[in-house]
Amino acid sequence: MASSSAMGRGAIRSTALIAFGTLTATMMQALDTTIANVALPHMQGSLSASQEQVAWVLTSYIVAAAIATTPTGYLANRYGVKPVFLVAIAGFTIASMLCGIASSLSEIVFFRLLQGMFGAALVPLSQTTLLDTYPPEKQGSAMAAWGMGVMIGPIIGPALGGWLTENYSWRWVFYINLPIGVAAFWALKTALPDTKVRNNNPMDFTGFAFLSIAIASLQLMLDRGQSLDWFQSKEIMLECFLAITAFYLFISHTLTTDKPFISPELFKDRNLVGGLILIAMLGIVLFSTFALLPPFLQNLQGYSVVTAGMIMAPRGVGTMIAMQISGRIINRMDTRIPILIGMLLLAYSLHWMSTFSPDVGLIDIVLSGVIQGMGLGFIFVPLSAATFSSLAPQYRGDGTALYSLLRNVGSSAGIALAFAYQDYGTKMAHSVLVENINPYNPAVIEYLNSSTGLLGISSLMQIEGEIQRQAAVIGMLGNFHYMAYGVLFAIPFLLLLRPGKADDSLESAVMD
């Protein structure tokens with residue numbers, strides 16, 4: 001009995017260490033997607049770079065991570081989850097340290113490429129590891145914990161990055177990964193069992209090359225389109241052409257080769273296809289909201305970086321609460337019900353945000369954020385569980401990699417679309433608002449005549465500044481308005497998911 005009890009405690013300890021290691025690795029990678037953003041102006045001065053040059057610090061990471069996500073499933077099946085996971089954590093941690101000590105722009109861009117390459121595997125492998133570690137009846141709770149790492153990281157990233165930059169140096173936004181990476185590596189090295197090799201097939205380098213070119217071209221187009229005025233730029237037109245052509249060649253090659261890079265068998269799973277479509281559509285809303293709110297709070301409301309991060313923090317609290325609830329209820333009801341509740345909450349919060357004024361109260365910002373966080377929490381866990389509920393274990397690595405890839409591509413597309421519409425909406429609103437600023441408007445004449453000389457010119461500049469501020473707010477509100485409709489438009493795609501409880505479907509998948 002004592003021996004059995006000791007074995008039970010050992011198993012619980014190993015499971016806890018695996019959970020700690022995977023969630024820490026997930027948090028580290030998710031945090032790094034936003035923590036460096038606020039440090040860019042400080043990097044620009046320190047490295048003597050222009051604004052466009054320093055933007056490559058973000059672009060290099062995004063493109064490298066997108067390309068390196070796709071072979072994660074193959075590598076895990078070919079060499080085992082544990083060695084690939086440990087190499088990814090070690091590489092990401094070392095690359096973070098190198099980013100911190102970089103002395104030139106070319107160095108930090110190169111090290112960010114390495115960071116993106118190694119970091120790409122962390123999220124899909126952490127998801128695969130948890131699905132392999134926990135029994136079907138506990139996978140909902142495991143996905144809830146995993147989802148918190150994915151969702152909370154981008155939320156606290158700007159606040160933490162701003163605090164580290166203001167109180168220490170921009171280099172600390174990279175050094176912060178060192179203790180986290182060491183802890184994750186130790187936990188998984190200690191507790192994660194060796195996994196069997198699931199696939200000895202050679203890699204389809206042709207398919208990988210076509211897909212990599214398509215993803216890299218698409219990410220570059222989305223990331224640089226706004227600054228280059230989209231299709232007015234030859235670079236953007238070339239990237240669009242390459243993305244479409246390479247993707248077409250990838251599809252053609254996949255359907256005609258014997259052992260493709262991504263097996264078409266994956267897409268016979270209805271739940272996986274539905275989950276991939278929904279996560280791509282929701283990714284558009286998720287990170288575009290994160291991208292729009294900090295400029296609104298800092299530039300239009302006058303809050304500091306740290307304060308803006310604190311205002312957004314309650315959103316994470318709502319996410320954590322909803323994830324804990326959804327992780328417990330998905331074993332008792334149709335997984336589509338909490339997803340539907342989450343999508344309705346998300347649409348409602350976005351509609352609320354579309355009614356903000358330039359002088360919106362803090363309570364409205366916080367409460368709408370909490371509701372939005374709860375909506376995302378109710379969506380993320382059941383959607384993750386439903387997507388992989390019927391997927392065979394040998395396809396799990398490829399499935400989680402595609403899931404992460406489409407979430408990231410959706411996020412990039414959402415951010416690009418949001419800022420493009422922000423620019424368009426601001427210009428349109430500005431052109432309407434200035435129509436009333438003319439010599440025939442008695443209110444304008446009276447305001448300007450109240451001051452003379454330089455004071456009158458100053459008054460006119462104040463009017464223009466306020467018009468620009470209100471136009472920017474109107475442009476942002478239009479974004480939230482269309483996002484709300486986008487979420488409602490995505491609801492019918494829930495029908496692609498098979499009805500059923502998470503534990504039932506997961507258990508049947510294991511039996512198969």
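In the predicted model, helix α16 contributes Pro338, Ile339, Gly342, Met343, Leu345, Leu346, Tyr348, Ser349, Leu350, Trp352 and Met353 to a contact with helix α17, where the partners are Asp364, Leu367, Ser368, Ile371, Gln372, Met374, Gly375, Leu376, Phe378, Ile379, Pro382 and Leu383. By residue class, this contact comprises 17 nonpolar, five polar and one charged residue.

Two packed helices are described by the angle between their axes and the distance separating those axes. For α16, spanning residues 336-353, and α17, spanning residues 362-387, the packing angle is about 155° and the axes lie 7 Å apart. Because angles over 145 degrees count as roughly antiparallel, α16 and α17 are therefore assigned to this class. The crossing of α16 past α17 is left-handed.

The largest share comes from α13, which supplies six residues. In composition, the lining of the second largest pocket divides into 19 nonpolar and two polar residues, with no charged residue.

Conventions: Residues are numbered from 1 along each chain as its sequence is written. This is a predicted model: local features need pLDDT of at least 70, side-chain atom pairs count only at pLDDT 80 or more; totals for chains, interfaces and linings use all residues. Side-chain values use heavy atoms; hydrogens and water are left out. Axes are lines fitted to C-alpha atoms, for helices over the stretch in contact, and angles run from 0 to 180 degrees between N-to-C directions. Helices (H or I, at least four residues) and strands (E, at least two) are DSSP runs, numbered from the N terminus. Angles under 35 degrees count as roughly parallel, over 145 as roughly antiparallel, 65 to 115 as roughly perpendicular and the rest as oblique. A crossing is left-handed if the near helix is turned anticlockwise from the far one by less than a right angle, and right-handed if clockwise. Contact means heavy atoms within 4.5 Å. Ala, Val, Leu, Ile, Met, Phe, Trp, Tyr, Cys and Pro count as nonpolar, Asp, Glu, Lys and Arg as charged, and the others, Gly among them, as polar.
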